[in-house]
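Here is a predicted model to work through by question and answer. Keep the coordinates open while reading.

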Number of protein chains: 2
Amino acid sequence: MLRNWYLSCVLAAMAAGSALAQTGTGFKLYNPAIATFPVVGGREWHTGLASFFDRLPQRISDSLRRPVWDLSHNSAGEYIDFTTDATTIDVSYKVTHKTILANLTTIAANGVDLYLQDVSGVWYWIQGAWAFSSDTIHFRYDHIQRPGAVKRFRLYLPLYSSPEWLNIGVPSVNSFSFVPVDIRQRPIVIYGTSILQGASASRPGLAWSNMLGRHLSLPIINLGFSGNGQLEVPVTGLIATIEASAYILDCLPNLYDAEKFSDTEVNRRITLAVAMLRRAHPATPIVLTEHADGLSSITLDSTYRAKYKRVNTILDSTFTALVRQGYKRLYLLTAKQIGFTDNSTIDGTHPGDIGMAAYAKAYEKLLKAILRH
Amino acid sequence: MLRNWYLSCVLAAMAAGSALAQTGTGFKLYNPAIATFPVVGGREWHTGLASFFDRLPQRISDSLRRPVWDLSHNSAGEYIDFTTDATTIDVSYKVTHKTILANLTTIAANGVDLYLQDVSGVWYWIQGAWAFSSDTIHFRYDHIQRPGAVKRFRLYLPLYSSPEWLNIGVPSVNSFSFVPVDIRQRPIVIYGTSILQGASASRPGLAWSNMLGRHLSLPIINLGFSGNGQLEVPVTGLIATIEASAYILDCLPNLYDAEKFSDTEVNRRITLAVAMLRRAHPATPIVLTEHADGLSSITLDSTYRAKYKRVNTILDSTFTALVRQGYKRLYLLTAKQIGFTDNSTIDGTHPGDIGMAAYAKAYEKLLKAILRH
């Protein structure tokens, strides 16, 4: 029975955790918060943070709407790279609040997810056994079989909760080193909504921005704010301070409500965001993305489809106008290119794993073409 | 913010529910339990049940291990077909216990899922707004846009919980009829595990047996028992009483533990199950399925892979022996044919939507070839 299976995993992992906590021997714990160099990938700011795993610097907090600031504590898109010769890894951490949502698994919202990259660049996923029942969450990875020489492990952090602290434990006989964030590589910076934050991938590694980062072997800065990716000036202004490979504005899913965001307002927000980024970065590609759910093929609910199509129509005309005004290196990713079907979403809005894979693939194709130039 | 969006859906649906409950006007409720003909599809037995939505008849309860009997109350694979000219449908129901699992969404475990089939046979998904917060769960479908003439609606029931009662509400001005279960069509009968019960599809309609039923336009009997699909004689004996198009035995994921199920025991259970079915049905196809997770490409956890591969090796040799003994119309579905990748599962065992789609597709291909003869 799944419940029993789960329970036995819980107990096994708990036992491992207890042994570790009680004896302090056998395993050695490595805490990214006391590393002497930046080790949290997937974000731009490593100092001046209100809390260690925050995605935005504290200095900007007063200029943000409260929900944006609150969501910036969620570790969506963040990961920790490390090397070790261990075949057992025990990750323990605490989140400020375990997020429970009907359309998201606990593993996606509050769990971590481990991958390994070999020296040739190929990524491999590693399954874990989890324990969510106590304040300290455990993910235990056992019997890891190396596919050959290993470049690094990558531990993705929770998509919808905020770690207070986190330790990576390996047997004390084994080596362990954090891999510093490569600040020479220009990231792809994405400003988006719940879909970017990761709803509703089944686990963190399958959120589309995390898949994209693996596929492109480029750092991705995930600025997805569930319900609150609204192309606001303070956020765009902050993004404009980042030296990026490309900027992606994927906020239409949070601008679909015509009562709050009129046609004029949606046009204004897109135009202003593009102008701000272009002023600071004359030649960096900017991608504008349609609402992926604006396709009739997804569901027969006509009202939401009409709302989603409205913002896509505004984006298309705004894009055309901007190109006519002389903007260069401006790109449009359409809902049709993303290509959702009726299997792609859990609720008509949030992609499950099928939608996430399609989303990542569409971006990969476009960005490979863009970055080749 | 997703939480707010969720809350507003909850409140909207709750409001709808309250209006309905308070006034009793506006909407008329249709209760499948008082229909004068069988209306719960996806199961074989419609009378002699301990509870209306049970998958197994009460008379067999004493012969089953308790967990199998308990899980038979879960409505996995069940659906209710109906016709209506309404564009709003409000489904309300109560489950005995809301199941919460880290690797399954609440929507998959406890939710319902609505599709529509047009007269040409094409299926369309319909998104709903949900409310899980009170004892009575609501799913509300609004603004349904018909793609043309409609053959039927299909409401899939929860995968991992047991409905006590359920009502389908439509505006009282609209028509409504339950569609009787077509008992002339021989179903495909599947005996399986948590994967068949639906873990970890994001919603009920994406469980592989439900996808397969839509793709083949055939009734499927889902006898998936999470952790307890163990090729046991009482269950196989019951299955042998069903006049089927094909039998599928997909139980290896619950026989992988060598301490409980030795090589000899796994061989014995497979051989006995096939013999029982073949004795009762000399010419009906029987499919034996490998553990889909027995592929190294899924994860680097070597221990579980070895366990999963062990049962596949036993199945393969048992299958070869049975064919040599003269068994006809016996088919093998291999893990390689199902084709999981490292994106296919949430935890190394349970397929997410990507794995579910691959699973359904592999069965569809095999069964179309088998049933053509």
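Q: Which residues of E12(B) point the opposite way from Ile188(B), Ile190(B) and Gly192(B)?
A: In this predicted model, E12(B) spans residues 188–192. Five of its five residues are buried. Ile188(B), Ile190(B) and Gly192(B) share one direction, and the other is taken by Val189(B) and Tyr191(B).

Q: Which residue in E13(B) stands opposite Ile190(B)?
A: Strand E13 of chain B covers residues 220–224. Five bridges join it to E12(B), in parallel. Opposite Ile190(B) stands Asn222(B).

Q: How many residues does the largest nonpolar core have?
A: Nonpolar side chains tend to be buried together in soluble globular proteins. Here, the residues with the most contacts inside the largest core include Trp208(A), Tyr363(A) and Leu367(A). Tyr363(A) touches Trp208(A), and also Leu212(A), Ile248(A) and Val287(A), among others. The core's residue count is 86.

Q: How far apart are the end C-alpha atoms of residues 185–368 of chain A?
A: An unreviewed UniProt entry places "domain: SGNH hydrolase-type esterase" at this span. The span is 44% helix and 12% strand. Its end C-alpha atoms are separated by 16 Å.

Q: What kind of axis relates the two copies?
A: Chain B superposes on chain A with an RMSD of 0.0 Å. The rotation is 180 degrees, with 0.0 Å of shift along its axis. The copies are thus related as by a two-fold rotation axis.

Technical notes
Residues are numbered from 1 along each chain as its sequence is written. Chains are lettered from A and ligands numbered from 1 in the order in which they are written. This is a predicted model: local features need pLDDT of at least 70, side-chain atom pairs count only at pLDDT 80 or more; totals for chains, interfaces and linings use all residues. Side-chain values use heavy atoms; hydrogens and water are left out. Copies are superposed by least squares on the C-alpha atoms of residues with pLDDT of at least 70 in both. UniProt positions are given in the numbering used here, feature names are shortened, and annotations may be inferred rather than shown by experiment. Helices (H or I, at least four residues) and strands (E, at least two) are DSSP runs, numbered from the N terminus. A nonpolar core is a set of buried Ala, Val, Leu, Ile, Met, Phe, Trp, Tyr and Cys residues joined through side-chain atoms within 4.5 Å. Buried means under 20% relative accessible area, exposed over 50%, partly exposed in between (1.4 Å probe, protein chains only). Contact means heavy atoms within 4.5 Å. Two strands pair if DSSP finds at least two bridges between them. Lists of a residue's contacts leave out its neighbours within four places in sequence.
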